[in-house]
Every structure is written in C-alpha cells, then in structure tokens.
Amino acid sequence: ELANKIFRSKDYCQKLFIKEFNTTPYAYQLERKIQTAKSLLVNTQMSVTEIAESLGYGDSHYFSNLFYNKCGIRPTAYRKNKR
C-alpha cells in the first residue's frame with residue numbers, strides 16, 4: 001500500500017525500511033505484535049484467544065505457536081511467570 005501511495009516499487013520501500021530500521025517490515029511488525037501481546041498478557045485479563053484476535057490472528061493456536069517460537073515460552077506460562 002505504501003509503495004503505491006508514494007509511487008515507488010515495493011522493493012524500493014523495503015530497502016529503505018531495512019536501511020532505516022535494520023530489519024524487514026514483516027519482522028518489525030511481528031516484533032511489535034509480540035511486544036503488544038506481552039503487555040496484554042501481563043496487564044489485562046484478556047484470554048489468549050482475545051489477545052490473538054486483537055492482534056489480527058484468527059487462530060489462537062497459530063498465535064500461541066508463533067509466540068512460543070519467538071519467546072521460547074507459551075503465552076499462558078509467560079503470563080504466569082510475569083505476575
């Protein structure tokens with residue numbers, strides 16, 4: 001979307017993003033979602049399913065596996081350990 005709005009190619013936009021943030025747009029977005037999930041797990045009573053849905057994941061099992069792969073711990077265990 002951004003590339004179309006600024007009349008540039010997707011590759012050009014991705015190269016600029018990587019140059020500025022030293023990561024890909026996908027990895028950046030994923031890291032932001034994981035940080036948001038961590039905050040929601042610690043600071044709210046939302047279920048893992050509700051958190052997954054609020055972050056745009058329709059499948060809470062997919063989200064839980066993604067969280068585990070990035071953090072090395074399941075979301076429910078993360079919540080328990082941080083409280």
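**Helices and core of a predicted model**

Tyr-57 makes a handy way in: leaving aside residues up to four places away in sequence, Tyr-57 touches Leu-30, Lys-33, Ala-52, Tyr-62, Phe-63 and Leu-66, where a contact means heavy atoms within 4.5 Å. This is a predicted model, so local features need pLDDT of at least 70 and side-chain atom pairs count only at pLDDT 80 or more, while totals for chains, interfaces and linings use all residues. Residues are numbered from 1 along each chain as its sequence is written, and side-chain values use heavy atoms, with hydrogens and water left out.

The protein chain has 6 helices and 0 strands, so-called from DSSP runs numbered from the N terminus (H or I, at least four residues, for helices; E, at least two, for strands). Read along the sequence, that gives the pattern α-α-α-α-α-α.

Now for helix α3, residues 25-43. Within α3, Leu-30, Ile-34, Ala-37, Leu-40 and Leu-41 are buried. Seen down the axis of α3, the buried residues fall within an arc of 125°, so they line one face of the helix; the arc is that of the directions from the helix axis to the C-beta atoms. An α-helix has 3.6 residues a turn, so residues three or four places apart point the same way. On the other side of α3 sit Arg-32 and Asn-43, both exposed. Here buried means under 20% relative accessible area, exposed over 50%, and partly exposed in between (1.4 Å probe, protein chains only). What do the buried residues of α3 pack against? Their partners are α4 (48-54), α5 (60-71) and α6 (75-82).

The largest nonpolar core has 14 residues, and Ala-37, Leu-41, Ile-51, Leu-55, Tyr-57, Phe-63 and Phe-67 touch the most other members. α3, α4 and α5 each supply at least two residues of this core, with α3 giving the most, 5 residues. Such a core is a set of buried Ala, Val, Leu, Ile, Met, Phe, Trp, Tyr and Cys residues joined through side-chain atoms within 4.5 Å.

As for the whole chain, 24% of the 83 residues count as buried. The C-alpha atoms fill a box of roughly 45 × 25 × 20 Å, taken along the principal axes.
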